[in-house]
Amino acid sequence: MRKKQFKAESKKLLDMMINSIYTHKEIFLRELISNASDAIDKLYFRSLTDDSVKLARDDFKITIDIDKDNRTLTLTDNGIGMTAEELENNLGTIAKSGSLNFKKENADNENAQDISVIGQFGVGFYSSFMVADKVEVVSKAFGESTANKWTSTGADGYTIEECEKEDAGTVITLYIKEDNENESYSDFLEQYRIDELVKKYSDYIRYPIQMEMSHQVPDPDKEGEYITEIAVETLNSMVPLWRKSKSEIKPEDYNSFYKEKFMDYTDPQLVIHSKTEGQATFDALMFIPENPPYDFYSKEYEKGLQLYSNGVLIMDKCSDLLPDYFSFVKGLVDSADLSLNISREMLQHDHQLKIIAKAIDKKLKNELKKMLNNDREKYNKFFKTFGLQLKYGVYANYGMEKDGLKDFLMFETSNGDGYATLKEYVGRMAESQESIYYACGESAEKIALLPQLDAVKEKGYEVLYFTDEVDEFAIQMLMEYDGKHFANICKDDLDLSTDAEKEAINKKNEDAKDLLERMKEALGDKVSSVKFSNKLGSHPVSLSAEGYVSLEMEKVLNQMPNGGQGVKAQLVLEINSNHPVAEKLEKADDEQLKKYVTLLYSSARLIAGLDLDNPTEFSDILADMM
């Protein structure tokens with residue numbers, strides 16, 4: 001037996017490895033399985049040119065054994081194994097990677113193109129010491145007659161001695177730590193936990209990962225009683241669904257994968273399976289859910305795609321792969337081009353990630369465009385569920401993404417025949433129409449009752465119905481579509497009158513200047529002005545807004561937590577010059593006029609969906625006049 005000490009630098013690195021590099025202790029199993037897979041890859045690679053390797057591809061496997069009594073977890077592979085020298089070089093020198101050397105040495109060998117070496121840093125093995133206070137490695141290199149055992153309890157050093165082992169390969173035995181008040185290390189001696197970790201991190205390792213599993217089954221001899229049945233089971237699925245040819249995969253395969261992987265009980269609305277080559281080479285499998293996740297609109301919701309490197313899970317939710325407007329997308333990306341940090345838990349830099357994210361964004365938009373053009377019913381269903389996110393995308397980041405999203409937006413309209421895109425609206429505009437007209441409200445039904453709508457519809461113009469809080473903000477950011485500017489029909493500056501009509505209403509307001517000023521004085525600073533209008537159809541009164549802030553903006557901004565309170569639209573009280581109420585106002589004395597204008601103002605606020613300033617005053621005046 002040879003007793004060895006880690007170098008001082010290695011002791012420091014080992015301590016840092018155990019306590020700092022890895023975020024989660026469970027990562028150790030991923031690292032050991034990845035190393036075992038690399039060892040098998042090397043022997044398989046050798047078998048392509050060396051007839052002395054008698055193992056076929058199907059003979060390779062990784063085995064996991066649990067011994068609760070002795071608190072050991074053992075991983076066995078029948079890969080290429082290590083000599084005593086390799087044990088010392090690869091395990092005795094921290095951060096020395098045999099896998100990385102193998103990759104460099106065979107970079108130009110065309111037979112090695114199918115070999116995806118996972119471990120490149122030589123540190124993953126030492127993650128074992130996060131859960132074990134002693135580690136034994138028994139290994140026999142292929143073609144060697146003797147085996148060797150490497151043993152270490154951590155920073156104190158290690159020993160190497162000859163031992164017996166019949167076949168080539170490596171056996172790693174972890175002596176699991178005792179539980180303490182902070183950690184339950186015994187969890188790593190439970191079958192269900194190991195099964196869970198294999199499926200989470202190593203489900204797509206190309207070789208079978210096997211373990212004895214016990215299950216309770218009905219006793220055939222005693223009704224109502226159960227017996228324990230033990231069988232060797234393969235824990236991993238090995239071949240990733242996303243690496244299969246699309247022609248091999250049935251819709252139900254995609255649906256089953258989605259529901260199991262992303263814990264949904266309904267099939268996805270859309271499946272997007274793609275392989276991209278070029279600046280970045282990666283496979284992607286993405287899903288648009290039927291319904292939003294239960295926590296989608298909460299602070300707890302985390303967007304992101306699962307990120308794999310050569311089939312090994314690196315991040316469960318990589319948020320950088322999806323923009324916020326596609327935060328509802330579920331799925332994964334698998335790439336061998338990623339530059340990972342030493343723990344393989346995060347990316348070392350994000351250049352490749354940005355390229356992948358850009359490609360994913362483009363792919364998602366192309367698929368939505370196909371759906372919009374070829375399956376409108378399906379797109380309508382999608383938009384009802386997730387269209388709000390696309391609207392936020394137009395508004396967010398100062399409108400940086402507006403051009404890429406504007407053609408996906410849809411709105412109900414005054415035509416009453418369902419949703420219309422902006423392109424469809426502009427395509428059916430009247431020749432005389434210069435603007436895209438819209439109105440805001442809680443629902444299409446309530447917008448349809450707005451007094452201002454009649455005048456616009458009488459001109460034969462269609463009106464977009466904005467029923468989401470973000471709609472008007474998004475459109476303000478968009479500013480125009482196909483050269484047509486947006487116009488709010490409830491803004492004071494909207495005027496569809498002919499020159500003769502304009503002249504007549506201007507004269508009416510000029511002649512009633514004194515009356516209008518008295519009404520304005522009665523309302524004080526509640527409105528910026530009072531005027532007669534010819535654009536209210538048969539309705540007696542309405543409120544419009546002048547300036548940038550509309551009525552809907554005022555409501556939305558004042559509902560925001562810690563911001564926007566006190567924002568007020570500059571309101572204009574418009575009274576229908578052709579309605580009998582106008583004549584009534586002209587004949588009223590000062591006391592009556594004050595009551596009339598208060599009732600009209602309160603009525604206009606109710607029509608606009610605004611709260612009354614003084615409901616009691618409104619009720620008292622109404623009762624008094626009755």
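Helices here are DSSP runs of type H or I with at least four residues, and strands are E runs of at least two, both numbered from the N terminus. On that basis Asn397, a residue shown in one of the views below, lies in the loop between H8 and helix H9 (402-405). All views are taken from a predicted model.

**Overview. The protein comes to 19 helices and 23 strands in its secondary structure.** The chain has 626 residues, of which 50% count as buried. When contacts in the protein with a separation of 6 or more are considered, 69% of them are accounted for by residues 24 or more positions apart.

**View A. Helix H2 (residues 27-47) packs against helix H5 (residues 191-201).**

**View B. Helix H7 (residues 351-374) is shown packed with helix H8 (residues 376-395).** The axes of H7 and H8 lie 6 Å apart, with a packing angle of about 125°, a value that makes H7 oblique to H8. H7 passes H8 in a left-handed crossing. Leu368, Met371, Leu372 and Asn374 are the residues of H7 that take part, and they meet Arg376, Lys378, Tyr379 and Phe382 of H8. The class count for the contact of H7 with H8 is five nonpolar, one polar and two charged residues.

View C. Like Asn397, Tyr398 is found in the loop between H8 and H9. The side of this view that concerns solvent is given by Tyr398, which has a relative accessible area of 78% and is therefore exposed.

**View D. Ala474 is found in helix H13 (residues 471-478).** With a relative accessibility of 2%, Ala474 counts as buried. Leaving aside neighbours within four places in sequence, Ala474 is in contact with Lys391, Val394 and Tyr395. The C-alpha atoms of Ala474 and Lys391 are separated by 6.2 Å, although these two residues are 83 residues apart along the chain.

**View E. Met553 lies in helix H16 (residues 551-559).** Its relative accessibility is 1%, so Met553 counts as buried. If residues up to four places away in sequence are not counted, Met553 touches Glu472, Phe473, Gln476 and Tyr548. A separation of 8.7 Å is found between the C-alpha atoms of Met553 and Val567, which are 14 residues apart along the chain.

**View F. Helix H17 (residues 580-587) crosses helix H18 (residues 590-607) at roughly 150°.** The axes of this pair come within 9 Å, and the crossing angle makes H17 roughly antiparallel to H18. H17 passes H18 in a left-handed crossing. The contact is made by Val581, Lys584 and Leu585 of H17, together with Leu593, Tyr596 and Leu600 of H18. These residues of the contact of H17 with H18 divide into five nonpolar, no polar and one charged.

**View G. Cysteines are shown in a structure that holds zero disulfides.** A disulfide would need a pair of cysteine sulfur atoms within 2.5 Å. For Cys490 the closest cysteine sulfur is that of Cys440, and because the two sulfurs are 7.4 Å apart, they are too far from each other for a bond. Cys490 counts as buried, with a relative accessibility of 9%, and Cys318 also counts as buried, at 2% relative accessibility.

Methods
Residues are numbered from 1 along each chain as its sequence is written. This is a predicted model: local features need pLDDT of at least 70, side-chain atom pairs count only at pLDDT 80 or more; totals for chains, interfaces and linings use all residues. Side-chain values use heavy atoms; hydrogens and water are left out. Buried means under 20% relative accessible area, exposed over 50%, partly exposed in between (1.4 Å probe, protein chains only). Axes are lines fitted to C-alpha atoms, for helices over the stretch in contact, and angles run from 0 to 180 degrees between N-to-C directions. Angles under 35 degrees count as roughly parallel, over 145 as roughly antiparallel, 65 to 115 as roughly perpendicular and the rest as oblique. A crossing is left-handed if the near helix is turned anticlockwise from the far one by less than a right angle, and right-handed if clockwise. Contact means heavy atoms within 4.5 Å. Ala, Val, Leu, Ile, Met, Phe, Trp, Tyr, Cys and Pro count as nonpolar, Asp, Glu, Lys and Arg as charged, and the others, Gly among them, as polar.
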